[in-house]
Amino acid sequence: MVIRFFVCVSLVLCGICCFGQVDVDKMRAEYATAVQNKKLCETNLKLLEKSANSATEKGYLAAYEILWAKHMGNPFTKLGQFKKGKKLLEEMIMKYPDNIDLRFIRWSVQTHAPSFLSYSKDRLRDKEYLVHNLHKLPNPKGREVIYIYLKEANSYLKGDHVFSQAELNQLSK
């Protein structure tokens, strides 16, 4: 009877601790899809707003804030939403410049941001950083998701922004 009680209490405590926590792997994996999927973007954004604590979680909060701007109608609210996410992302990178996910997020946002937003100055620096540091991301699944994203992005990149075969090889390590 006592054992059952402790098992039940343990399960309840686990449920309380785990409920609402951010699954960074899920956020990372769904990041590209959320660009086209408004409901997914909204769901992930709400979860991140409630539960983001770590630098990486806050980085994905910033990413989803920026993505949410794509799903808004009014150009002024879109711009405000974009700036809100950009500000958070830049703050996190200032505090954690060696966070691979943060640098990946900024690279991807700057790669896709319209030129009139003037948000592209760090693309080459972040590209270089990713090439030399992606292998240090401790999560193999995370490394794979980012690598695939970067490799697929190569089809629409131009000039110095294209990943060479040597860079792709380095990224795949």
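Let's start with Y31: this tyrosine is buried, with a relative accessible area of 4%. Keep in mind that we're looking at a predicted model. Y31 has a ring partner, Y64, and the two form an edge-to-face aromatic pair, 6.3 Å centre to centre with 70 degrees between the planes. What I like here is where the two residues sit. Y31 is in the loop between α2 (24-30) and α3 (38-51), while Y64 belongs to helix α4 (residues 55-70), so the pair links distant parts of the chain, 33 residues apart. And is Y64 buried or exposed? Its relative accessibility is 0%, so Y64 counts as buried.

Now to another ring pair, W107 with Y149. Their ring centres are 6.4 Å apart and their planes stand at 80 degrees, so this pair is edge-to-face. W107 comes from helix α6 and Y149 from helix α8 (residues 140-153), so the pair ties together parts that are 42 residues apart in sequence. W107 counts as buried at 1% relative accessibility. Y149 has 18%, and since the cut-off for buried is under 20%, Y149 counts as buried too.

Let's step back from the single pairs. How many aromatic pairs does a search of the whole structure find? The search gives eight. Ring pairs also link Y31, Y60, Y64, F104, W107, Y149 and F163 into a cluster.

On the α4 side we have A55, T56, G59, Y60, A63 and I66, and they meet D101, L102, F104, I105 and V109 of α6. Sorted by class, this contact has eight nonpolar, two polar and one charged residues.

Helix α6 (residues 100-112) also packs with helix α7 (residues 123-133): the axes come within 9 Å and cross at roughly 140 degrees. The two helices are therefore oblique to each other, and their crossing is left-handed. From α6, the contact uses I100, R103, F104, R106, W107, Q110 and T111, and from α7 it uses R123, R125, D126, K127, Y129, L130 and N133. The class count for α6 with α7 is five nonpolar, three polar and six charged residues.

How values were computed
Residues are numbered from 1 along each chain as its sequence is written. This is a predicted model: local features need pLDDT of at least 70, side-chain atom pairs count only at pLDDT 80 or more; totals for chains, interfaces and linings use all residues. Side-chain values use heavy atoms; hydrogens and water are left out. Axes are lines fitted to C-alpha atoms, for helices over the stretch in contact, and angles run from 0 to 180 degrees between N-to-C directions. Helices (H or I, at least four residues) and strands (E, at least two) are DSSP runs, numbered from the N terminus. Angles under 35 degrees count as roughly parallel, over 145 as roughly antiparallel, 65 to 115 as roughly perpendicular and the rest as oblique. A crossing is left-handed if the near helix is turned anticlockwise from the far one by less than a right angle, and right-handed if clockwise. Contact means heavy atoms within 4.5 Å. Ala, Val, Leu, Ile, Met, Phe, Trp, Tyr, Cys and Pro count as nonpolar, Asp, Glu, Lys and Arg as charged, and the others, Gly among them, as polar. Rings of Phe, Tyr and Trp (its six-membered ring) pair if their centres lie within 6.5 Å; planes under 30 degrees apart count as stacked, over 60 as edge-to-face and the rest as tilted. Buried means under 20% relative accessible area, exposed over 50%, partly exposed in between (1.4 Å probe, protein chains only).
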